[in-house]
Structure formats: C-alpha cells, structure tokens
Amino acid sequence: MDLSIRQSPFGGRVIKTHELSGLRLVDGVYSGKTRVARHSHQRAVFCVCLNGVCNEAYAGKLREYKPFTVEFLPANQCHSLAFPGAETRAFSVDIPSSWLERAREYSLRLEDSVHCHGGLLSGLFMKLYREFRQMDGASPLAIEGLMLEMLAEASRREVKVSDRTPPRWLAQALELLREQFSEHLTLAQVARSVGVHPIHLARGFRRYCRCTVGEYIRQLRIEHACHELCVSDASLAAIASAAGFSDQSHFSRTFKRLLAMTPAQYRAAFSRANPIP
C-alpha cells in the first residue's frame, strides 16, 4: 500500500512510503540548517543516510551520519537530530513488536542501539532500498528476507568483541587509509607505516573494524565517488580514476555490488542538480 504523506511527524518531508507485513518503509528528506528536538519512536527503527550529513545526540554521545551510515534504534529510546549542511536524505524502516518477538525466539539481542558505517549491514539496507524503489511482485518477499538478515546482523554487532581500547596503531592505520585511499597501497606498506607486522594488522583490523583492510579501502573509494556523483558533472571514468579504481568497468561493478544500483542510477536519484520529487 503506497501512502501520500507530505510531512513526517518527526520533521522533514516524505518522498515515498510503503507498508507491508507490518513494516513501514519511508524515503524522506530533511532541510539543511534544521534540528529535530529530542524525541523517541514508539517502534524500533532502522535508518540509513543516503545523502548529506546528520548529527545525532544519543545516550550522552554525538554520533555522525553520512552516506551509508546505518542506525538501529530500539523503541522508546530518546535522541535528537541536527542537519548542519544542505539537504539530508534518509531511508528508514519502522519495525513492529511482532518482528522483534520473532527475532527473540532465535535468541537475537536487540535491546541496544547499533551505529555503524558501511559493511554488511549497510549493504543489506541498500539492497532493501533497491527493492523499495522498484517494488515488483517479488519485492515484498525480498524485503522480508533482507529485514531478517539485518536484524541478525544488528544482533551480532551488539556482542562486543572486546572491551579493550583499540590500539594506537589502528587509529594511525585508519588515518593513513582515509588520506591515501585512492593510492594502490599494500598491506605490508600500511603495516610498516604503523609499526606492526602485516598479519597482526590484518587480524587486529578485522577484529575492531569488522571488515578487512581491502574492504575498508573500497568503502572509502565508493563514498568519495558518491559525493562526486552528487555534486559534480564529472564523467564516470574521471570519478572512477580519482577514487582509485583501475577503470570505469571495475568501478561500476563494485559500486553496484555494494549499493545495489549503478553509478548512473545513484546520480539520477541523489544528484543535487536533480530536484527531489
């Protein structure tokens, strides 16, 4: 069932919404330089940032959202939002209690909020968003399956791998990768730069970041490409080269695999040059 709702009860403007199996899926946009006061949701919610930036105050901490940042927020937990830049677009799914009760039957833990950037959870959410956008006869079943996978992944992320503070070399490695993501770095080069053995780097990186060094670099490259697709008229080949991909074909394959849409489709949906319907 498609609904025409112009305003969200928590601020912003709804572009499209759909309800199925008790889930409410919403594609919406928030104006820049605005705030949403402290509030809570009656139902648990998954949300992914599609474009723009949002700052969230939650549990005494400030959390940043940029493209492909995902949040799971349990019901009745308070937070506030601020949108410091231009428009921010987000896709959210309100989850009824019946879904959570079903998840708990399989011992999934979903009592705490999850905040993560990129990785498996983001990839699952973007595949769900693709189904939401195309919405054919198979989409309801696909959406239900993806939602169950997302709940399982959110439960895994609640389980802390370690209570220890991440090592100093990890922060150094992350900074190096963010600064040189477009270059062709090897694991040995990164390890040598931060003073650890390559095997120690690989194991520690995966332990704390829940992805490999290679996966993290690909994520950074895709984020850079997404920004350029939104704000520039550069060709796909030029964007691919600047992001560090070997060619446009490799860029397009990686982009579609991670985001469930092609670079051209992403540009058409989120470019600032294209007005939001």
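Is Met 135 buried, exposed or partly exposed? Met 135 is partly exposed, with a relative accessible area of 22%, where buried means under 20% relative accessible area, exposed means over 50%, and partly exposed covers what lies in between (1.4 Å probe, protein chains only). The tour comes back to this residue after a look at the whole chain.

**Before you start**

What you have open is a predicted model, in which local features need pLDDT of at least 70 and side-chain atom pairs count only at pLDDT 80 or more, while totals for chains, interfaces and linings use all residues. Residues are numbered from 1 along each chain as its sequence is written, and side-chain values use heavy atoms, with hydrogens and water left out.

**The whole chain**

Begin with the protein chain shown as a cartoon, where you will find ten helices and eleven strands; helices (H or I, at least four residues) and strands (E, at least two) are DSSP runs, numbered from the N terminus. The radius of gyration of the protein chain is 19 Å, close to the 19 Å that the globule rule gives for 277 residues, so the chain is as compact as a globular protein of that length. That radius is taken over C-alpha atoms, and the globule rule is 2.2 Å times the number of residues to the power 0.38. Along its principal axes, the C-alpha trace spans about 55 × 45 × 40 Å.

Buried residues make up 45% of the 277 residues. Among contacts between residues at least 6 apart in sequence, 70% join residues at least 24 apart, a contact being heavy atoms within 4.5 Å. If you switch to a surface, the chain exposes about 14200 Å², and carbon and sulfur atoms supply 51% of it; accessible areas come from the Shrake-Rupley method with a 1.4 Å probe, and for residues only the protein chains shown count as cover.

**Strand β5 and Cys 49**

Select Cys 49, which is found in strand β5 and is buried, with a relative accessible area of 4%. Leaving aside its neighbours within four places in sequence, Cys 49 is in contact with Tyr 65, Lys 66, Pro 67, Phe 68, Thr 69, Thr 88 and Arg 89.

Select helix α1 (residues 97–104), in which Trp 99, Leu 100 and Ala 103 are buried. They cover an arc of only 95 degrees around the axis, which puts them on the same side of α1; the arc is that of the directions from the helix axis to the C-beta atoms. As background, an α-helix has 3.6 residues a turn, so residues three or four places apart point the same way.

Following α8 is Gly 244, whose phi is positive, near 105 degrees.

In α10, select Pro 263, Tyr 266, Ala 269 and Phe 270, which are buried. Seen down the axis of α10, its buried residues fall within an arc of 130 degrees, so they line one face of the helix. What covers them includes β5 (44–51), β10 (88–95), α2, α7, α8 and α9.

**Loops and a helix residue**

Return to Met 135, found in the loop between α2 (119–134) and α3 (139–158). Its phi is near 40 degrees, a positive value in a residue other than glycine. Lys 33, in the loop between β3 (23–30) and β4 (34–39), has a phi near 60 degrees, again a positive value in a residue other than glycine. Lys 33 is exposed, with a relative accessible area of 70%.

From Lys 33, draw a distance to Arg 168: their C-alpha atoms, 135 residues apart along the chain, are separated by 35 Å. Arg 168 lies in helix α4 and is exposed, with a relative accessible area of 70%.

Finish at Gln 180, in the loop between α4 (168–179) and α5 (187–194), which counts as partly exposed at 23% relative accessibility. The C-alpha atoms of Gln 180 and Ala 240, 60 residues apart along the chain, are separated by 15 Å.
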